[in-house]
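Please look over the structure shown below, and then read the briefing that follows, which is grouped by topic.

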Amino acid sequence: MASELKNLSVFSTDHLPDISHRQFAIVVAEWNAEVTEALFSGAYQTLINYGAKAENIVRGNVPGSFELSLGAQWFAQRTEIDAVIALGCVIQGETKHNDYINHAVAQGLTNVGLQTGKPVIFGVLTPNNQQQALDRAGGVHGNKGDEAAMTAIKMLGLQQQVYSFHN
């Protein structure tokens, strides 16, 4: 569903796991800082609101969205980190630069999650312009950071369900 039809900050909170003992890394691209800082605020506050402890949330900055994959990998390789949330914003420009970056980041973050077996969440906005980015970073369409944090929480719940299942 397109985010113009859905508020990114509205989601089901049924059957969420206890995350008070879980540790999260949030990797934030510095490029488009006005947007990515709003995404970080949303992700951080959502984790706190649903039970994460501030001391269990670590932040790492990378220069741009392209570097999110490696930053996420470094955090995901740490045994104490349970989930990684990658936040960035790649605004479509006059060239195809955004296509290459978005594809590389999506593939890179997917690979990190598959290699580590940990939730690695794609919290990267891919808007056509700055206003669309702001609308999805706490504006009229909610905050993609909120959604990314909730996705991390839900994936940890699924992981717990899968690995605690007994025949």
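In this predicted model, Arg59 has a relative accessible area of 30% and is therefore partly exposed, and Glu37, with a relative accessible area of 35%, is partly exposed too. Arg59 and Glu37 form a salt bridge in which the closest N and O atoms are 2.5 Å apart. With Arg59 in strand E2 and Glu37 in helix H1, this pair links distant parts of the chain that are 22 residues apart.

**Other salt bridges**

- The structure holds four salt bridges, and one of them joins the side chains of Asp82 and Arg22, at 3.5 Å from N to O.
- Asp82 lies in the loop between H2 and E3, while Arg22 lies in the segment before E1, so this pair ties together parts that are 60 residues apart in sequence.
- Both Asp82 and Arg22 are buried.
- Glu80 also forms a salt bridge with Arg78, their closest N and O atoms being 2.5 Å apart; Glu80 is partly exposed at a relative accessible area of 30%, and Arg78 counts as partly exposed at 36%.

**Nonpolar cores**

- The largest nonpolar core has 25 residues, and those touching the most other members are Phe24, Ile26, Val35, Leu47, Ile85 and Leu87.
- Helix H5 (144–164) is among the elements that give two or more residues to this core, and H5 gives the most, with six residues.
- Beyond its neighbours within four places in sequence, Ile85 is in contact with residues including Ala25, Leu47, Ile121 and Ala152.

**Helix H2**

- The buried residues of helix H2 (residues 68–76) are Leu68, Ser69, Gly71, Ala72, Phe75 and Ala76.
- Because these residues cover an arc of only 165° around the axis, they lie on the same side of H2.

Terms used
Residues are numbered from 1 along each chain as its sequence is written. This is a predicted model: local features need pLDDT of at least 70, side-chain atom pairs count only at pLDDT 80 or more; totals for chains, interfaces and linings use all residues. Side-chain values use heavy atoms; hydrogens and water are left out. A nonpolar core is a set of buried Ala, Val, Leu, Ile, Met, Phe, Trp, Tyr and Cys residues joined through side-chain atoms within 4.5 Å. Buried means under 20% relative accessible area, exposed over 50%, partly exposed in between (1.4 Å probe, protein chains only). Helices (H or I, at least four residues) and strands (E, at least two) are DSSP runs, numbered from the N terminus. Contact means heavy atoms within 4.5 Å. The arc is that of the directions from the helix axis to the C-beta atoms.
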